[in-house]
Amino acid sequence: MRLAIAEAEGAALAGDVPVGAVVARGEQVLGRGRNARERDRDPTAHAEILALREAAHAVGSWHLEGCTMYVTLEPCAMCAGALVLSRIDRLVFGAEDPKAGFAGSLGDLVRDERLNHALEVGSGVLAAECGELLRAFFKERR
């Protein structure tokens, strides 16, 4: 999660919402991402999507079984769907997102039994630190 926080800090420095993500298989980091919607002018340039792309490239497949996604903020519906489709085994996130989170807050796409894959979910890891990055970013913007 510390690596994901470093990615989030980089996003904030670039003027993007501070969300960072890392995909790992065991101790090996396969992909990293930080929000880049403003930089790329791309609504899909979420940290999770960018980390998944990098990880898939690293392993040479979109199948990411055996991997864990660490992300500083609970994934939105788009990112939760991408996690399911990538076959990631586990999601670990920091801060909950009651307005857009789809890993337990607003919905629970990653554990929906109707889908062909479900993830193990861990939440609240370094939540205070992850949440403070977001609060400070938005406080500065107001």
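Modeller: Helices are DSSP runs of H or I with at least four residues, and strands are runs of E with at least two, numbered from the N terminus. The model is predicted, with pLDDT of at least 70 needed for local features and 80 or more for side-chain atom pairs, while totals for chains, interfaces and linings use all residues. Residues are numbered from 1 along each chain as its sequence is written, and side-chain values use heavy atoms, leaving out hydrogens and water.

Colleague: Why are α3 and α4 called roughly parallel?

Modeller: Helix α3 (residues 47-59) packs on helix α4 (residues 77-86) at about 20 degrees, with the axes 9 Å apart. Axes are fitted to C-alpha atoms over the stretch in contact, and angles run from 0 to 180 degrees between N-to-C directions. Angles under 35 degrees count as roughly parallel, so α3 and α4 qualify.

Colleague: Which residues make that contact?

Modeller: With contact meaning heavy atoms within 4.5 Å, α3 contributes Glu-48, Ile-49 and Leu-52, and α4 contributes Met-78, Cys-79, Ala-82, Leu-83 and Ser-86. By class there are 6 nonpolar, 1 polar and 1 charged; Asp, Glu, Lys and Arg count as charged, Ala, Val, Leu, Ile, Met, Phe, Trp, Tyr, Cys and Pro as nonpolar, and the others, Gly among them, as polar.

Colleague: What makes α1 roughly parallel to α5?

Modeller: Helix α1 (residues 2-13) and α5 pack at about 5 degrees, their axes 11 Å apart, and α1 is therefore roughly parallel to α5. Arg-2, Ile-5, Ala-8, Glu-9 and Ala-12 of α1 meet Glu-129, Cys-130, Leu-133 and Phe-137 of α5. That contact has 6 nonpolar, no polar and 3 charged residues.

Colleague: How many residues line the largest pocket, and which lie nearest its centre?

Modeller: The lining has 21 residues, with Val-17, Leu-73, Asp-97, Leu-134 and Phe-138 nearest the centre. A pocket is an open set of points on a 1 Å grid where a 1.4 Å probe fits, with protein on both sides within 12 Å along at least five of seven lines, and lining residues have an atom within 4 Å of a point. Helix α5 (residues 127-141) supplies the largest share of this lining, 4 residues. The lining divides into 10 nonpolar, 3 polar and 8 charged residues.

Conventions:
Angles under 35 degrees count as roughly parallel, over 145 as roughly antiparallel, 65 to 115 as roughly perpendicular and the rest as oblique.
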